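Trainee: Please take me through the terms used for this model, setting each value against its definition.

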Amino acid sequence: MSTKPQGDALPSEAGEARQQALARLSRAAYSLSAADARLRGRATRQAGALSLSHARVLRILAEEGALPVARLAELTETTGAGVTQLVNGLSEQGYVEKAKSLADKRSVLVGLTELGLARHRERERLLAEVLERELRGMDDQALDAASEVLRALGGVYNQL
């Protein structure tokens with residue numbers, strides 16, 4: 001007596017279908033990466049444009065308040081050098097300010113300016129609007145599944 005995987009698919013057909021599904025996911029991940037690169041390019045050419053990395057820094061500072069660079073790097077999942085570069089760019093745009101820590105003179109605190117908080121709020125409003133419009137056909141279960149896949153892809157990227 002042979003057992004069949006899901007439905008009527010034969011084992012080789014199921015394996016092939018899985019490989020095709022993973023290939024589609026891989027292509028979608030490359031497409032998302034390309035869109036992120038275009039966004040980063042706009043952020044370097046257009047005043048006020050924010051890359052996802054810059055927006056992540058603003059979001060964390062809005063949620064947590066002023067932070068030492070080392071803690072900001074940890075929360076953004078970025079290196080100290082990487083977050084310093086992000087902070088410098090955001091500082092040039094007037095979105096964040098840097099100050100010596102009173103508790104540790106070797107540490108630099110980064111905090112949002114009023115302009116930075118306003119920019120963060122505008123970005124979050126726009127993001128919510130675009131997500132709602134572009135994903136309106138997906139129910140909550142599909143959105144949760146997509147979130148799970150995106151988190152798993154982060155783990156995949158960390159292994160490459």
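Trainee: What makes the space of about 200 Å³ the second largest pocket, and which residues lie nearest its centre?

Mentor: The model is a predicted one, in which local features need pLDDT of at least 70 and side-chain atom pairs count only at pLDDT 80 or more, while totals for chains, interfaces and linings use all residues. A pocket is an open set of points on a 1 Å grid over the protein atoms alone, where a 1.4 Å probe fits and protein lies on both sides within 12 Å along at least five of seven lines, and lining residues have an atom within 4 Å of a point. The second largest pocket has a volume of about 200 Å³, a volume being the space filled by probe spheres set on points that are joined across faces, edges and corners. Its lining counts 13 residues, and Arg40, Ser51, Ser53, His54 and Leu86 lie nearest the centre.

Trainee: How do you know which helix supplies the largest share of the lining of the second largest pocket?

Mentor: Helices are DSSP runs of H or I with at least four residues, numbered from the N terminus. α1, α2 and α4 each supply at least two residues of that lining, and α4 gives the largest share, with 4 residues. By class the lining has 2 nonpolar, 8 polar and 3 charged residues, where Ala, Val, Leu, Ile, Met, Phe, Trp, Tyr, Cys and Pro count as nonpolar, Asp, Glu, Lys and Arg as charged, and the others, Gly among them, as polar.

Trainee: And what is the volume of the largest pocket, and where does the largest share of its lining come from?

Mentor: The largest pocket has a volume of about 1,900 Å³. Its lining is made of 39 residues, with Leu32, Asp36, Leu52, Arg56 and Leu150 nearest the centre, and the largest share, 10 residues, comes from α6. The lining divides into 20 nonpolar, 7 polar and 12 charged residues.

Trainee: Why are α2 and α4 called roughly perpendicular?

Mentor: Helix α2 (residues 52-64) and helix α4 (residues 80-92) pack at about 85 degrees, with axes 10 Å apart, the axes being lines fitted to C-alpha atoms over the stretch in contact, and angles running from 0 to 180 degrees between N-to-C directions. Since 65 to 115 degrees counts as roughly perpendicular, α2 is therefore roughly perpendicular to α4. Ser53, His54, Val57 and Leu58 of α2 meet Val83, Leu86 and Leu90 of α4, contact meaning heavy atoms within 4.5 Å.

Trainee: What makes α2 and α3 roughly perpendicular to each other?

Mentor: α2 and helix α3 (residues 69-76) pack at about 115 degrees, again with axes 10 Å apart, and α2 and α3 are therefore roughly perpendicular to each other. Arg56, Val57, Ile60, Leu61 and Glu64 of α2 meet Leu72, Leu75 and Thr76 of α3, a contact with 5 nonpolar, 1 polar and 2 charged residues.

Trainee: How do you know that α3 and α4 are roughly perpendicular?

Mentor: Their axes come within 9 Å and cross at roughly 100 degrees, so α3 and α4 are roughly perpendicular to each other. Val69, Leu72, Ala73 and Thr76 of α3 make this contact with Gly80, Val83, Thr84 and Val87 of α4. Residues are numbered from 1 along each chain as its sequence is written, and side-chain values use heavy atoms, leaving out hydrogens and water.

Notes: Angles under 35 degrees count as roughly parallel, over 145 as roughly antiparallel, 65 to 115 as roughly perpendicular and the rest as oblique.
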